[in-house]
Amino acid sequence: MGPTQRCLFCLKLELFIFNLIFWLGGCGALGVGLWLALSQGRFSTLSLSLPSLGVAGLVMAAGAVVMALGFLGCLGAATEQRCLLLTFFVVLLTIILLELSGGLAFYACRGQFDRYAQDDLKLGLRRYGAPGEPGLTQAWDTVQTEFRCCGVQNYTDWFEVRNGTGVPQSCCLEHSAPCSGIGTAWWQEPCYEKVKSWVGENVWAMGIFAACIAVVQVLGLVSSMLMYCQVLKVEKYYH
């Protein structure tokens, strides 16, 4: 085996491993999406515009795309087909550019996103306890109980949707006793700010995960182009 062939073999193995990681990650995302679809999740049905099946559908779609991309990369590495390698490179580059664009757009419009999210969650309060909305009701009860909060911005959000009749039992300090008309017996802090603070405290974990994904994507991008060039070089050498 000559130097060119050894280099090609190393690139082939490297690209295959990267894409195997992609494929396994896609399987994991698909599994999470199926779990959300079946269980309706605990925090995935707080609003009307993003119901549990919507969240599950997005996660499953992302998992399916990643699985397909990983399979395409593995196939390209195994067969050393320039067409497959180039297709993998273009698709992966497109995904990376979309991720960067989405991240920049979210950062630039984060204030508007805050306002939109709060308004959307308030719309979700109106369906609390409604027939056919067990996921939304359970999600709000879980959030208010675990984060010890009440309402989106404050407990008066419930007055607006319940015509001033009180708050849900999950807002009560003690669940054993009704507290609908006792203001001092409710959680006083807003759920949106508490959940936002919790996300901020754990953002480092999401940052590490995002950094790992970015590294794998960039390495896959570089490896696929290097292998493409190496395959092209070998083909020219033998022809």
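Is Glu189 buried, exposed or partly exposed? Glu189 counts as partly exposed, because its relative accessibility is 45%, and the cut-offs are under 20% for buried and over 50% for exposed. The points below concern a predicted model.

1. The main core. The largest nonpolar core holds 18 residues. Within this core, the residues with the most contacts are Trp140, Cys150, Val152, Trp158 and Val167. Two or more residues of this core come from each of the elements α4 (110–125), α5 (134–146) and α7 (191–201). In soluble globular proteins, nonpolar side chains tend to be buried together.

2. The surroundings of Cys150. When neighbours within four places in sequence are left aside, Cys150 is in contact with Gln144, Tyr155, Trp158, Val167, Cys171, Trp187, Glu189, Pro190 and Cys191. Trp158 and Val167 are also listed with Cys150 among the core residues with the most contacts.

3. Salt bridges. Side chains of opposite charge can pair when their charged atoms come close. The structure contains three salt bridges. One of them joins Lys196 to Asp114, with 2.7 Å between the closest N and O atoms. Lys196 belongs to helix α7 and Asp114 to helix α4, so this pair ties together parts that are 82 residues apart in sequence. Lys196 is partly exposed, at 39% relative accessibility.

4. The bridge from Glu189. Glu189 forms a salt bridge with Lys194, and the closest N and O atoms are 3.6 Å apart. Lys194 has a relative accessible area of 23% and is therefore partly exposed. Glu189 is also one of the residues in contact with Cys150.

5. The bridge to Asp157. Lys122 and Asp157 form a salt bridge in which the closest N and O atoms are 3.9 Å apart. Because Lys122 lies in helix α4 and Asp157 in helix α6 (residues 156–161), the pair ties together parts that are 35 residues apart in sequence.

6. The setting of Asp157. A polar atom of the Asp157 side chain lies 2.9 Å from the backbone nitrogen of Val152. Beyond its neighbours within four places in sequence, Asp157 is in contact with Lys122, Leu125, Gly151 and Val152. Val152 is itself among the residues with the most contacts inside the largest nonpolar core.

Conventions
Residues are numbered from 1 along each chain as its sequence is written. This is a predicted model: local features need pLDDT of at least 70, side-chain atom pairs count only at pLDDT 80 or more; totals for chains, interfaces and linings use all residues. Side-chain values use heavy atoms; hydrogens and water are left out. A nonpolar core is a set of buried Ala, Val, Leu, Ile, Met, Phe, Trp, Tyr and Cys residues joined through side-chain atoms within 4.5 Å. Buried means under 20% relative accessible area, exposed over 50%, partly exposed in between (1.4 Å probe, protein chains only). Helices (H or I, at least four residues) and strands (E, at least two) are DSSP runs, numbered from the N terminus. Contact means heavy atoms within 4.5 Å. A salt bridge is a side-chain nitrogen of Lys or Arg within 4 Å of a carboxyl oxygen of Asp or Glu. A polar contact is a pair of N or O atoms within 3.5 Å; within protein, one must be able to donate a hydrogen and the other to accept it, and residues adjacent in sequence count only if both atoms are side-chain atoms.
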